[in-house]
Protein chains: 2
Amino acid sequence: MNRKNFLKKHIYLLLVAFMTIVVIGLSSLTAYTPAQTVSLDPLPSWNDGATKRAIVEFVTRVTTANSPDFVSVEDRIATFDNDGTLWAEKPYVQGLFVLEKIKAMAAANPSLRSQQPYKAVIEGDVEYFRQAGEASLMDLLMKTHGNMTQEQFDTEVRSFFDTAIYPKLNVPVTQVTYKPMRELLDYLRANGFQTWICSGGGIDFVRQISQPLYGIPPQQVIGSTGKKEFIEKDGKFVIWKLPELGRINDKVGKPIGIDLHIGQRPIFAAGNERSGGDIAMLTYSQQQQPSFQLLIDHDDSDREFAYQEPDNASLNAAKANGWHVVSIKNDWQEVFAFPRK
Amino acid sequence: MNRKNFLKKHIYLLLVAFMTIVVIGLSSLTAYTPAQTVSLDPLPSWNDGATKRAIVEFVTRVTTANSPDFVSVEDRIATFDNDGTLWAEKPYVQGLFVLEKIKAMAAANPSLRSQQPYKAVIEGDVEYFRQAGEASLMDLLMKTHGNMTQEQFDTEVRSFFDTAIYPKLNVPVTQVTYKPMRELLDYLRANGFQTWICSGGGIDFVRQISQPLYGIPPQQVIGSTGKKEFIEKDGKFVIWKLPELGRINDKVGKPIGIDLHIGQRPIFAAGNERSGGDIAMLTYSQQQQPSFQLLIDHDDSDREFAYQEPDNASLNAAKANGWHVVSIKNDWQEVFAFPRK
């Protein structure tokens, strides 16, 4: 049989095999909402440069079956800080929620206006909190996050996200995610990675938006916790949020949180400089080899914000340990998905 | 074109479409290790009866696309107690580990033989623990689970599982899992459920065998915890297990653990009667509708063990709330996978 006849006779086989590949390919995309349409470049918002190349090289290396650095799917764990790593943190989104809630509480009960810490919040009295110290901020968190059922809190958070506007950028808070980082999450998942959030923010707060904003289900969110009880209330058993701090998932708390929720070291970990909050997580990840550590440097006052740690500890640690530093200014072609004003 | 000609012309299409279905079907099975070979009956170790029929009816109902009770894949969460629900608990496997470890500690340091609680353990002095109360048992746990790195503990647990024999049944401890329950885990996963363990046992202990014995990855294990620190030790940062109790994942601790690790109510929850340890978890699950609650009654002294709660609280709660009770004697055709002696 010559080639033409072979093709003629087997055209169905070829056609259906091709269709099958297309169908399987498409169905594997429906499991999450990609930040981009299908393209040959998995990271189109990243400028071509050392950081992007290093990411692609690492992912290729650990997912290539005959590579000495091949990592099996169940060990492809990636953990991401949230504030300043996946979305803007100037100010903290959860801080906006606390502010709005305190104002709503004072509107419902005007006598609170003359009581601290409500008074300081309403009057924007930053000096009060500076003098009262960290305990006063914790007190604020407990007053706004405790003494209610889990369902009540979830409803409040969702309604905040429905309407809240991010200051300075003047867009809905749900739009201040970094487009290059959402592409990175998609890219890792497309390569069999499990993506997790490991945030200093509250676990219950972040879980309300992890799926729609990042494609990360609630059970893959690690965060700070308050204490809770399972109690009977009005004839129904409920999860009751107590006004007491549980575990702080920041700094050395991050490896502990990862161990608690995942039980294994991430081979990919991403954080940012601001407070040294991610140094321990990146250190923990690096003890696993092969592994990849990413640290975002906020150096773009034009398109985002420029800020540094007083002691530069995170960038110093990155230099000493060979972590990959993202310069927002140089590495990101776009920062947000909304149009620049 | 008559029917015969149509078939002749399109035979490739039909053939390859059929092959595609077979290939996709097979590839969906490779993600976990099923307890059984492929069969028309997904629960062959269950006797035909009300319990088995209710399980199949529930799973069919929540997975049928046009059913009013359809539950989307991301909400198909199933939680299983471990001791007495997935494997035997007379005695507790983790208790055997503690015993073996205490004996090894005393062998390495003979002066411990005259000190409590080591002395009581070595001499099998149950009366000592009865008088010293629950605190003495906790002390035993801390002495055997704390003051070491996470890696050291994991290694000890794995080596225990390599050699330990289960008393009375005289088989390796890894063989005392219930075959019908492993089939149930497989059946639920084949229907898009996420299967979780929610055990009163230690999270670090259970995680070492959850994947090989039940096809449940470590990150889907919820259990009791000890406190930990991330510290530098001999020039390396490690997770250090402190000899201090963290959270007890039993009774009302179970809904709290599920909320912490999953962040949503299970629509399927399974536990057993012995101590009332699963009542809160099943109550919590039932507030979600549709949902299914399963409670195992250990009523088979011939093939397993027969035991009841002094106050019968679990079985009473099952009756009052319409939970499905598994009678091991009547509902299970087989209990274990190993041959009866």
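The buried residues of helix H13 of chain B are Ala280(B), Met281(B), Leu282(B), Thr283(B), Tyr284(B) and Ser285(B). The model is predicted. Helix H13 of chain B covers residues 279–286. Six of its eight residues are buried, so the helix is largely enclosed by the rest of the structure.

Pro290(B) is located between H13 and strand E10 (292–297) of chain B. The bond that joins Gln289(B) to Pro290(B) is cis, with omega about -5 degrees. Another cis bond occurs in chain A, from Gln116(A) to Pro117(A). Its omega is near 0 degrees. Pro117(A) belongs to the loop between helix H3 (93–108) and helix H4 (118–122) of chain A.

The overall make-up was examined for chain A. Chain A contains 14 helices and 11 strands. Of its 341 residues, 50% count as buried. Contacts in chain A between residues at least 6 apart in sequence were also sorted by separation. Of these, 69% join residues at least 24 apart.

The arrangement of the two chains was then considered. At the interface, 37 residues of chain A are in contact with 37 residues of chain B. The interface residues of chain A are, to 100%, also interface residues in chain B, so the copies meet through the same surface. Between them the chains bury about 3200 Å². Carbon and sulfur atoms account for 60% of that area.

Polar and charged pairs also span the interface. Four salt bridges are counted between chain A and chain B. One salt bridge pairs the side chains of Lys228(A) and Asp259(B), at 2.5 Å from N to O. Across the interface, 12 residue pairs are in polar contact. Several elements of chain A give two or more residues to the side that touches chain B. Among them are the helices H1 (3–27), H7 (150–163), H9 (203–207), H11 (253–261) and H12 (279–286). The strands E5 (194–202), E7 (226–233) and E8 (236–245) of chain A are also included. H1(A) supplies the largest share of this side of chain A, with seven residues.

The nonpolar interior was examined next. In soluble globular proteins, nonpolar side chains tend to be buried together. Here the largest nonpolar core has 116 residues. Met181(A), Leu184(A), Met181(B) and Leu184(B) touch the most other members of this core.

Thr177(B) lies in the loop between strand E4 (171–172) and helix H9 (179–190) of chain B. Thr177(B) has a relative accessibility of 5% and counts as buried. Its side chain makes a polar contact with the side chain of Arg182(B), at 3.2 Å. With neighbours within four places in sequence left aside, Thr177(B) is in contact with Leu86(B), Trp87(B), Arg182(B), Leu213(B), Tyr214(B), Val335(B) and Phe336(B).

Pro91(B) is also a loop residue, placed between strand E1 (77–80) and helix H4 (93–108) of chain B. Pro91(B) is partly exposed, with a relative accessible area of 28%. Beyond its neighbours within four places in sequence, Pro91(B) is in contact with Leu96(B), Tyr166(B) and Pro167(B). Pro91(B) and Tyr166(B) are 75 residues apart in sequence. Their C-alpha atoms are 8.3 Å apart in space.

Positive phi values in residues other than glycine were noted in chain B. Phi of Asn147(B) is near 60 degrees. Asn147(B) is found in the loop between helix H7 (134–145) and strand E2 (148–149) of chain B. Phi of Lys251(B) is near 50 degrees. Lys251(B) occupies the loop between strand E8 (236–245) and helix H12 (253–261) of chain B. With a relative accessible area of 41%, Lys251(B) is partly exposed.

Conventions: Residues numbered from 1 in each chain as written. Chains lettered and ligands numbered in written order. Predicted model: local features only at pLDDT ≥ 70, side-chain atom pairs only at ≥ 80, totals over all residues. Heavy atoms only, no water. Core = buried A, V, L, I, M, F, W, Y, C linked by side-chain atoms within 4.5 Å. Buried < 20%, exposed > 50% of the residue type's maximum accessible area, 1.4 Å probe, protein only. Contact = heavy atoms within 4.5 Å. Buried area = accessible area lost by both parts, 1.4 Å probe. Polar contact = N/O pair within 3.5 Å; in protein donor to acceptor, adjacent residues only side chain to side chain. Helix = DSSP H or I, 4+ residues; strand = E, 2+ residues; numbered from the N terminus.
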